[in-house]
Amino acid sequence: MSDRQNADKATIAFRRLLKDARTGDQARVDALVVLAQRTVFAVNWPGSDTEIRTLTNSTGETALPLFTSRETMEEAARRYGWDSPDGSLSSAEMGSRQALRQAVARNVHFVVVDIGTDYAGEFKLEEIEPLLSAQSERDAAGPFAGAGKVSTTL
């Protein structure tokens, strides 16, 4: 069964949103907001349980690849030769905010979601930073803390 057949409805909808993100600024914002609320998969550097592997293009720009499913990640790992000689793959499932914070801390140029697919989304670090800083500036208390509101009403 293909990854597309295994994907849940939310993942399929997010992948459509990623593809739409190529069409305009609002679609990019929408895709980033949804990404920030998801769990992602990432390949780690060999010997590390936490540091996500990066890619570097011919001009020296680095990208942090993230994936919407384990199957998509494993397919990319085979394509890029990230598997260990024994066939194992050092990887992690994590909240996307954790992965995006790592992208900012490591000062990569891009975050690429589902690299190598027809719906892949590429986001510049400059697009990601405001999303994370806005969240960190919010008060984490109150009944509506997840919505960025700390009062008892929305």
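Arginine 53 is found in the loop that joins strands S1 and S2, where helices (H or I, at least four residues) and strands (E, at least two) are DSSP runs numbered from the N terminus. The model is a predicted one, in which local features need pLDDT of at least 70 and side-chain atom pairs count only at pLDDT 80 or more, whereas totals for chains, interfaces and linings use all residues. Residues are numbered from 1 along each chain as its sequence is written, and side-chain values use heavy atoms, with hydrogens and water left out.

With a relative accessible area of 11%, arginine 53 is buried; buried means under 20% relative accessible area, exposed over 50%, and partly exposed in between (1.4 Å probe, protein chains only). Residues up to four places away in sequence aside, arginine 53 touches Val43, Asn44, Trp45, Pro46, Leu64, Pro65 and Trp82, a contact being heavy atoms within 4.5 Å. Leucine 64 is 11 residues from arginine 53 along the chain, and their C-alpha atoms are separated by 6.8 Å. Threonine 54 lies in the loop between S1 and S2 and counts as buried at 16% relative accessibility. Not counting residues up to four places away in sequence, the contacts of threonine 54 are Trp45, Ala63, Leu64, Pro65, Arg106 and Val108.

The protein has six helices and six strands. Along the sequence these follow the pattern α-α-α-β-β-β-α-β-α-β-β-α. Of its 154 residues, 40% count as buried. Among contacts with a separation of 6 or more, 61% are accounted for by residues 24 or more positions apart. The protein exposes about 8700 Å², of which carbon and sulfur atoms supply 49%; accessible areas come from the Shrake-Rupley method with a 1.4 Å probe, and for residues only the protein chains shown count as cover.

The largest nonpolar core has 25 residues, of which Leu66, Leu100, Val111 and Phe123 touch the most other members. A nonpolar core is defined as a set of buried Ala, Val, Leu, Ile, Met, Phe, Trp, Tyr and Cys residues joined through side-chain atoms within 4.5 Å. Two or more residues of this core come from each of H2, H3, S1, strand S3 (62-66), strand S4 (91-95), H5, S5 and H6. Leucine 66 touches Val40, Phe41, Ala42, Ile52, Ala99, Leu100, Val111, Val112, Val113 and Asp114, not counting residues up to four places away in sequence. A second, separate core of 12 residues includes Phe41, Leu55, Trp82 and Phe110.

Two packed helices are described by the angle between their axes and the distance between the axes. For H2 and H3, the angle is about 145° and the axes are 8 Å apart; axes are lines fitted to C-alpha atoms, for helices over the stretch in contact, and angles run from 0 to 180 degrees between N-to-C directions. Phe14, Leu17 and Asp20 of H2 make the contact with Ala27, Asp30, Ala31, Val34 and Leu35 of H3. H2 passes H3 in a left-handed crossing, that is, one in which the near helix is turned anticlockwise from the far one by less than a right angle (clockwise for right-handed).

Five salt bridges are present in the structure, a salt bridge being a side-chain nitrogen of Lys or Arg within 4 Å of a carboxyl oxygen of Asp or Glu. One of them joins aspartate 114 to arginine 15, with the closest N and O atoms 3.7 Å apart. Aspartate 114 lies in the loop between strand S5 (110-113) and strand S6 (121-124) and arginine 15 in helix H2 (residues 9-20), so this pair ties together parts that are 99 residues apart in sequence. Aspartate 114 counts as buried at 0% relative accessibility, and arginine 15 counts as buried at 1%.

Glutamate 127 and arginine 28 also meet in a salt bridge through their side chains (2.7 Å, N to O). Because glutamate 127 lies in helix H6 (residues 125-137) and arginine 28 in helix H3 (residues 25-35), the pair ties together parts that are 99 residues apart in sequence. Glutamate 127 is partly exposed at 24% relative accessibility, whereas arginine 28 is buried, with a relative accessible area of 19%.

A further salt bridge is formed by the side chains of glutamate 51 and arginine 106 (3.5 Å, N to O). This pair links distant parts of the chain, 55 residues apart: glutamate 51 is in the loop between strand S1 (39-43) and strand S2 (55-56), and arginine 106 in the loop between helix H5 (96-105) and S5. Glutamate 51 counts as partly exposed at 37% relative accessibility, and arginine 106 is partly exposed with a relative accessible area of 27%.
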